[in-house]
Amino acid sequence: MMPALPLLRPLVLAAALGITGCATVGPDYRTPDMPLPATWQGGAATTVSDALAHWWQHIDDDQLQTLVAAALAGNPDLAAAQARLRAARAQLRAAGADLGPTVSASGQASRSRGSRDTGSSGQARELYQAGFDARWEADLFGGLRRSREAAQADTEATAYALADARASLIAEVVNDYVLYRSTAQRLGIARDNLAAQSETLQLTDWRVQAGLATSLVLEQARTNRAQTAAQIPALETSLAGYANALSVLVGQPAGALQVQLGSDQRIPRIPDEVSAGVPADLLRQRADLRAAERQLAAATARIGAAQAQRYPSVTLTGSLGFEALSLGALGGAESLTRSLAGAIGATLFDGGRLVAQVDLQQANRDAALEAYRKAVLVAVQDVEDALVAVRNGQRRVSALGTAAESARNAALLARHQYQAGITDYQTVLDTERTRLNVEDTQAAAVADLASARIRLLKALGGGWAAGNDLTPTTASKEGTAS
């Protein structure tokens, strides 16, 4: 045993230093600096609003509010995210428990009789035992603390992921509702145009019968009406599709909301006076970026946990109990038993496995850093794209509003002049086609603008702080103790 003493002495010394100093190996986490532009290139709203977190509640539409509430209560994806958060919190509690001792209780009673042939008296012998056992592994180099640090960051990341899922769900419900109303409006426009073209077709038929128009004109009128009628089934299909999508979002079977949604054609007004702030605000406002940052913190902590595995470990075990030959004597002073033991252990050779584990965690940390950096870049792109879409959408809706009013007036004048025999049917045909196309395009453009505003609100981080019970309270702390 003597040759082993030189090897054991540094291990014992290292353990003693660890017990007194409680060194923590591995890098201490610091939030990385992300290069961000100073201002938005796509322009930004100047009106400051405190309603970003609850933006959908400022939409004057009771049915939409009911749908959002139903989705938050019944959406399967959101429920799964909530379950993942509960699992992460349980894992955090388990990681914290590893820092303390483990205490167990046990009791045992036995009765035995030896064989006379083996020299035993052949008498029965009873033995009663009861006591407590304790085991504690000293966290000499902070491996357990790093593991708990990683679990804490994982829990915060999961909470932010839940908040992001909530914000995304709200935006998706509102957007699908807007598209449903827009499609209902476009369907109404097509039906109104179909009714007007049916009247024109009837008028043309009368003029042909009276010898005032040719059969060519009548066929053109029929073609025009049939083309408009052909658009209606496609719009009805889209309308049912959006209704079914909303049903799934609220956790109900497809078709469950058809009657509830009805045929209302009013497109809800989305809040348009929300400050975009500066790009740096995204790091605070967007839940997905906070989740990515916390994932980076967890990956950094796991490097220390892996490095600690390369150092010696010290385990203390102890027991306190009673042992007696009769049940009545159990618990007396003479039956008391106790023990205390310490053990030190270290890996001398493992073929490089522990070193490889450290390299693995460092690589995971580097990957998490790049994922965080990409998430920030994508977040900036989301806002820039939405700002441009809102700005140009407003210009487009304004121009189409003027065009739609003119197209309706032109179609009405052309019909009156055709009835009076002042103009030919080709003029009526052209103005009716133009009216249908412009009105349909206008309705779609209004919906596109609403969707762009929803994307902007979501891109700025709107909606994620809606549930205070879901908001991580510890994730705002930058880094960990050195």
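**Overall architecture**

In what pattern do the helices and strands follow one another when the chain is read along the sequence? The order is α-α-α-β-β-α-α-α-α-α-β-β-α-α, which comprises 10 helices and four strands. Helices (H or I, at least four residues) and strands (E, at least two) are DSSP runs, numbered from the N terminus. This is a predicted model, in which local features need pLDDT of at least 70 and side-chain atom pairs count only at pLDDT 80 or more, whereas totals for chains, interfaces and linings use all residues. Residues are numbered from 1 along each chain as its sequence is written, and side-chain values use heavy atoms, with hydrogens and water left out.

The chain has 482 residues, of which 38% are buried; buried denotes under 20% relative accessible area, exposed over 50%, and partly exposed the range in between (1.4 Å probe, protein chains only). Accessible areas come from the Shrake-Rupley method with a 1.4 Å probe, and for residues only the protein chains shown count as cover. Among contacts with a separation of 6 or more, 84% join residues 24 or more positions apart, a contact being heavy atoms within 4.5 Å.

Helix α4 contains 67 residues and extends 96 Å from its first C-alpha to its last, close to the expected 99 Å. The expected span of a helix is 1.5 Å times one less than its number of residues. After α4 comes G211, with a positive phi near 80°.

Helix α5 (residues 215–249) has 35 residues and spans 52 Å between its first and last C-alpha, close to the 51 Å expected. Its buried residues are V217, L218, A221, N224, T228, I232, L235, L239, A243, L246, S247 and L249. Their cover includes α2 (62–74), α4 (143–209), α6 (258–261), α9 (353–419) and α10 (425–459). An α-helix has 3.6 residues a turn, so residues three or four places apart point the same way. G251, which follows α5, has a positive phi near 80°.

**Salt bridges**

The structure holds 21 salt bridges, each defined as a side-chain nitrogen of Lys or Arg within 4 Å of a carboxyl oxygen of Asp or Glu. One network links D28, R146 and E149. R146 is located in helix α4 and counts as buried because its relative accessibility is 1%. The side chains of R146 and D28 are joined by a polar contact of 2.7 Å. A polar contact is a pair of N or O atoms within 3.5 Å; within protein, one must be able to donate a hydrogen and the other to accept it, and residues adjacent in sequence count only if both atoms are side-chain atoms.

R145 and D139 form a salt bridge through their side chains (3.2 Å, N to O). R145 is partly exposed at 27% relative accessibility, whereas D139 is buried, with a relative accessible area of 14%. In another salt bridge, the side chains of E293 and R294 meet at 2.9 Å, N to O, and both residues are buried. A salt bridge also joins the side chains of R435 and E439 (3.4 Å, N to O). R435 and E439 are four residues apart in helix α10, so about one helical turn separates them. E439 is buried, with a relative accessible area of 6%.

**The loop between α9 and α10**

T423 is situated in the loop between α9 and α10 and is buried, at 18% relative accessibility. Its side chain makes a polar contact of 3.2 Å with the side chain of T427. With neighbours within four places in sequence left aside, T423 is in contact with A414, Q417 and Y418.

R284, in helix α7 (residues 282–285), is partly exposed, with a relative accessible area of 47%. R284 and G461 lie 177 residues apart in sequence, and their C-alpha atoms are 8.6 Å apart in space. Not counting residues up to four places away in sequence, R284 touches R290 and W464.

A nonpolar surface patch is formed by L320, F322 and L336, which together have about 240 Å² of accessible area. Patches consist of residues with over 30% relative accessible area and no salt bridge: like charges are joined within 9 Å, and nonpolar side chains (Val, Leu, Ile, Met, Phe, Trp, Tyr) within 5 Å. L336 belongs to strand β4 (residues 336–345) and counts as partly exposed, at 35% relative accessibility.
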